[in-house]
Amino acid sequence: MNPLSDFSPDAGALPRPFDQHRLALGFAAWEEALATAASDPQAGRARDWGNSPEGRSLLAALFGNSPFLSGLAVAEWNFLTRLVQDGLDIPFDETIAVIGQQDSGENRAELMRRLRLARRRVALIVAIGDIAGAWPLERQTAVLSRFAEAALGAAVRHLLRGAAESGGLDLANPADPERDSGLIVLGMGKLGGGELNYSSDIDLILLYDPPRAPLRGDGVQTLFNRLARDLVRILDERTGDGYVFRTDLRLRPDPRSTPLAMSVAAALAYYESVGQNWERAALIKARPVAGDRAAGNSFLAELQPFIWRRHLDFAAIADIHSIKRQI
């Protein structure tokens, strides 16, 4: 743990304010927020540290450079004060724990708002960790990736419970809806590698395994495609509280002609017959990040001969060179 109250940057360690007008507006909004909450004992603590040399330098770095972070600092002045008092790790762990404490009676709007408020706090934590030098880059990307997994898990559990309540699913484990659900959520790219940066979207492939799914018959594909659409909406839709993550499903097999969620059998048939070299490269970092992780690991294990070819012909080698040139 690295409390920011113990952080005394050298001259120039924090970004200097670029926009003096925005700097003044930020401090005015900060004072107004604290005045509005004058009866809250935490407001006095916030004012004290904000008036200290270290606190004023940190706030100036936010207010004079980033309208987004300025808004977060003012809206979350209480939480920001906690970061200064307790360091970054404890508030982050508590934020992740709150995401996991899901009420089965929570409706869609409540979930979306809860995830967006958590995203706001995680964005503030990571930004402070970065500009104050409290966290190295590897820690920042790991934290963002962990939050993405937690948010995905919360959304998936909500959707599976909803499907069970409507009679579409018979959950094998009501206390842990993801387990044995047959719904596979693969994280690709930076999410798969645990390397999300501050402005990353998340690349996903959504699959379902009918033999594992607690629903049989013709409704399986319809159900899981609806769950896929709802998952994207929960994370991607912009509301008054913002959004959680921009979500991209275009790395799935043949996205122009396939549904948002594919069966495992269809995906394996695609990769084994017409899979491209760029898809092999994309799958190197793939890993289950939500849903039925056991089914996801089984799928990736079966896909290993496609990802890691035993032999490469000249055409494959030329294709790989082409990919490198495009990168």
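Buried residues account for 49% of the 327 residues in the protein chain. Please keep in mind that this is a predicted model. The protein chain is built from 14 helices and five strands, and its C-alpha trace spans about 65 × 50 × 30 Å along the principal axes. If you look at contacts between residues at least 6 apart in sequence, 73% of them join residues at least 24 apart. Here is a short tour, starting with helix α1.

**Helix α1 and its surroundings**

- Helix α1 has 17 residues, and from its first C-alpha to its last it reaches 24 Å, close to the 24 Å expected at 1.5 Å a residue.
- The buried residues in α1 are Leu23, Gly26, Phe27, Trp30, Ala33 and Leu34. They lie on the same side of α1 because they cover an arc of only 125 degrees around the axis.
- As a reminder, an α-helix has 3.6 residues a turn, so residues three or four places apart point the same way.
- Turned away from that buried side is a face of α1 with the exposed residues His21, Glu32 and Thr36.
- Among the elements that cover the buried residues of α1 are α2, α3 (53–63), α4 (67–75) and α5 (77–86).

**Aromatic pairs**

- You can find seven aromatic pairs in the structure. Trp30 and Trp49 form an edge-to-face pair, because their ring centres are 5.7 Å apart and their planes stand at 75 degrees, with over 60 counting as edge-to-face.
- This pair links distant parts of the chain, with Trp30 in helix α1 (residues 20–36) and Trp49 in helix α2 (residues 41–51), 19 residues apart.
- Both Trp30 and Trp49 are buried.
- Tyr208 and Phe224 make a stacked aromatic pair, at 5.1 Å centre to centre and with 5 degrees between the planes.
- Here too, distant parts of the chain are linked: Tyr208 belongs to strand β2 (residues 202–208) and Phe224 to helix α10 (residues 219–236), 16 residues apart.
- Tyr208 and Phe224 are both buried.
- Phe27, Trp30, Trp49 and Phe63 come together in one aromatic cluster.

**Arginines over rings**

- Phe27, a member of that cluster, has Arg56 over its face, at 4.1 Å from the ring centre.
- Trp135 has Arg139 over its face, at 4.7 Å from the ring centre.

**Thr247, a residue in a strand**

- Thr247 is part of strand β3 (residues 247–248).
- With a relative accessible area of 14%, Thr247 falls under the 20% cut-off and therefore counts as buried.
- A polar atom of the Thr247 side chain lies 3.2 Å from the backbone oxygen of Phe245.
- Leaving aside residues up to four places away in sequence, Thr247 touches Ile202, Leu204, Val232, Leu235 and Asp236.

**Glu302, a residue in a helix**

- Glu302 sits in helix α13 (residues 293–307).
- Glu302 is partly exposed, because its relative accessible area of 48% lies between the 20% and 50% cut-offs.
- Leu268 is 34 residues from Glu302 in sequence, and the two are 8.3 Å apart in space, C-alpha to C-alpha.

Definitions and conventions
Residues are numbered from 1 along each chain as its sequence is written. This is a predicted model: local features need pLDDT of at least 70, side-chain atom pairs count only at pLDDT 80 or more; totals for chains, interfaces and linings use all residues. Side-chain values use heavy atoms; hydrogens and water are left out. Rings of Phe, Tyr and Trp (its six-membered ring) pair if their centres lie within 6.5 Å; planes under 30 degrees apart count as stacked, over 60 as edge-to-face and the rest as tilted. Helices (H or I, at least four residues) and strands (E, at least two) are DSSP runs, numbered from the N terminus. Buried means under 20% relative accessible area, exposed over 50%, partly exposed in between (1.4 Å probe, protein chains only). A charge sits over a ring if NZ of Lys or CZ of Arg is within 6 Å of the ring centre and within 35 degrees of the ring normal. The expected span of a helix is 1.5 Å times one less than its number of residues. The arc is that of the directions from the helix axis to the C-beta atoms. Contact means heavy atoms within 4.5 Å. A polar contact is a pair of N or O atoms within 3.5 Å; within protein, one must be able to donate a hydrogen and the other to accept it, and residues adjacent in sequence count only if both atoms are side-chain atoms.
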